[in-house]
Amino acid sequence: MALSLSAMNKMNTIPVKNHKVKRFSSRFNVKKDASPKPRRIILFNKPFDVLSQFTDDSGRATLKDFIPIGDIYAAGRLDRDSEGLMVLTNAGALQARLTQPGKRTAKIYYAQVEGVPDPDALARFRAGLTLNDGITLPADVELVDEPDWLWPRNPPIRERKSIPVSWLKITLQEGRNRQVRRMTAHIGFPTLRLIRYSMANQTLAGLSPGEWKEITHV
């Protein structure tokens with residue numbers, strides 16, 4: 001049906017507002033992420049009988065008893081019965097660099113062992129040992145005197161008076177579970193006490209057991 005002339009005239013007189021249309025509606029705008037948290041790196045001298053984690057359902061001592069900082073994680077754990085240097089960080093890239101096998105980050109340990117390893121035993125240790133999880137990488141090991149920076153352990157180790165003890169300085173470039181203890185046992189000299197002295201370019205220097213400090217880079 002054709003529109004009448006009067007109806008068409010009415011349509012032509014209806015005002016039309018000039019709307020500006022934005023290309024992207026504000027409800028679709030992508031919000032920027034919050035500013036990233038600053039990188040934190042903590043060096044901690046873990047005492048004996050402390051877990052390398054911040055919580056424990058059994059009420060055992062943890063990192064939380066010593067370090068009042070949240071959202072940081074260990075770059076390489078230590079067993080509950082081991083002592084020494086831990087690096088904790090909120091930086092995933094740093095954690096990976098210090099722990100991934102392919103990075104081969106050097107770590108120095110001092111191990112008190114039962115007995116005195118002979119040159120042949122030390123040579124086998126250096127060359128690599130076949131453990132239940134494969135052959136270890138070549139490692140550095142040498143007989144040394146008891147470190148002069150060493151603190152008394154609480155409780156002290158149980159030594160057998162009929163068997164001498166000795167100290168080994170060991171450098172590894174991998175970090176398998178209880179690796180040092182398994183390696184010394186494999187050559188016939190069980191570890192009685194184990195302290196990690198350094199990771200990468202950081203050491204225990206200046207840190208008593210239970211103390212920590214914050215640094216800017218590793």
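Guide: Let's begin with T171, which touches A106, K107, I108, A139 and D140, leaving aside residues up to four places away in sequence; a contact here means heavy atoms within 4.5 Å. Before going on: this is a predicted model, where local features need pLDDT of at least 70 and side-chain atom pairs count only at pLDDT 80 or more, while totals for chains, interfaces and linings use all residues. Residues are numbered from 1 along each chain as its sequence is written, and side-chain values use heavy atoms, with hydrogens and water left out.

T171 sits in strand β8 (residues 165-172). Helices (H or I, at least four residues) and strands (E, at least two) are DSSP runs, numbered from the N terminus. T171 counts as buried because its relative accessibility is 19%; buried means under 20% relative accessible area, exposed over 50%, and partly exposed in between (1.4 Å probe, protein chains only).

Now for the nonpolar cores. A nonpolar core is a set of buried Ala, Val, Leu, Ile, Met, Phe, Trp, Tyr and Cys residues joined through side-chain atoms within 4.5 Å. The largest one has 19 residues, and I41, L43, V87, L94, L98, I195 and V218 have the most contacts inside it. At least two residues of this core come from each of β1 (41-46), β3 (83-89), α2 (92-99), β4 (107-114) and β9 (191-199). Domain 1 (37-102 + 202-217) and domain 2 (106-199) both contribute, so this core lies between them; those bounds come from an automatic or database domain assignment. Zooming in on L94, you'll find that it touches R39, I41, T89 and V218, again not counting residues up to four places away in sequence. A second, separate core of 18 residues includes Y109, L122, L129 and I170.

What about the aromatic rings? Rings of Phe, Tyr and Trp (its six-membered ring) pair if their centres lie within 6.5 Å; planes under 30 degrees apart count as stacked, over 60 as edge-to-face and the rest as tilted. By this rule there are 5 aromatic pairs. The rings of F44 and F66 have centres 5.6 Å apart and planes at 45°, so this pair is tilted. F44 is in strand β1 and F66 in the loop between β1 and β2 (73-74), so the pair ties together parts 22 residues apart in sequence. F44 is buried at 0% relative accessibility, whereas F66 is partly exposed at 28%. Y110 and Y197 make an edge-to-face pair, 5.9 Å centre to centre with 85° between the planes.
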